[in-house]
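Thanks, everyone; I would like to take a few minutes on a model that I have been looking through. Please have the sequence and the structure open while I talk.

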Amino acid sequence: MLPGLSETNTIGYQEQNTTVEPGFRWIKHPAAIAPVWLEKPERIAALAMLTVLGLLVYSVIQRQVRLYLRTHDQQLPGNKGMTTIPTAAVVLALFAQIALVQFWIEDQEVTQISGVKPYHLLVCDALGLDASWYEASSAQKSGRDIQTP
């Protein structure tokens, strides 16, 4: 045991229900960060900060979605069927099937969205995101100055 750590502190640490350490396991995966050659300490520090910030966002997504599912008695598709405790990786993978296509026919912008399921809107609600552009299956707009969110 490390000096200064009592058995109570060690047990308390081990019983924490946290997503930080599994996130660091994910960061260590070879595919998570491609090799980058940085020489300046400022750039190394910036990369470390961005990596930790990304892990924070990843953890917040997982926490908020799980909390929302539990409090609203809902489930999402997971790796092995429906679940109330999806990982952030599963939540993000759910959005891979959505396709957004925008094109212009003369002065008309046509937007097509496909692959949106009710659980995508559920995730948006859980994260406090505006899901309105997921809800329109297609839209036509005139004028080239209009932008889709």
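Residues are numbered from 1 along each chain as its sequence is written, and side-chain values use heavy atoms, with hydrogens and water left out.

The protein chain has six helices and five strands, where helices (H or I, at least four residues) and strands (E, at least two) are DSSP runs numbered from the N terminus. Read from the N terminus, the order of elements is α-α-α-β-β-α-β-β-α-α-β.

Helix α3 covers residues 41-71. With an expected span of 1.5 Å times one less than its number of residues, the 31 residues of α3 should span 45 Å, and its end C-alpha atoms are 45 Å apart, which agrees. Buried here means under 20% relative accessible area, exposed over 50%, and partly exposed in between, with a 1.4 Å probe and protein chains only; by that criterion the buried residues of α3 are Thr51, Leu55, Tyr58, Ser59, Ile61, Gln62, Val65, Tyr68 and Leu69. As a reminder, an α-helix has 3.6 residues a turn, so residues three or four places apart point the same way.

Turning to α5, which runs over residues 118-127, the buried residues are Tyr119, His120, Leu122, Val123, Cys124 and Ala126. Pro118, in contrast, is exposed, with a relative accessible area of 66%, and its C-alpha atom is separated by 9.9 Å from that of Tyr134, 16 residues apart along the chain. Just after α5, Gly128 takes a positive phi of about 70°.

For the protein chain as a whole, 21% of the 149 residues count as buried.

How far should we trust the coordinates? The mean pLDDT (the predictor's confidence in each residue, from 0 to 100) is 79 for the protein chain, and 66% of its residues reach 70 or more. Over residues 137-149 pLDDT stays under 50, although the model has 29 contacts beyond four places in sequence for them, a contact being heavy atoms within 4.5 Å. Where pLDDT is low, the predicted coordinates should not be read in detail.

Key
Predicted model: local features only at pLDDT ≥ 70, side-chain atom pairs only at ≥ 80, totals over all residues.
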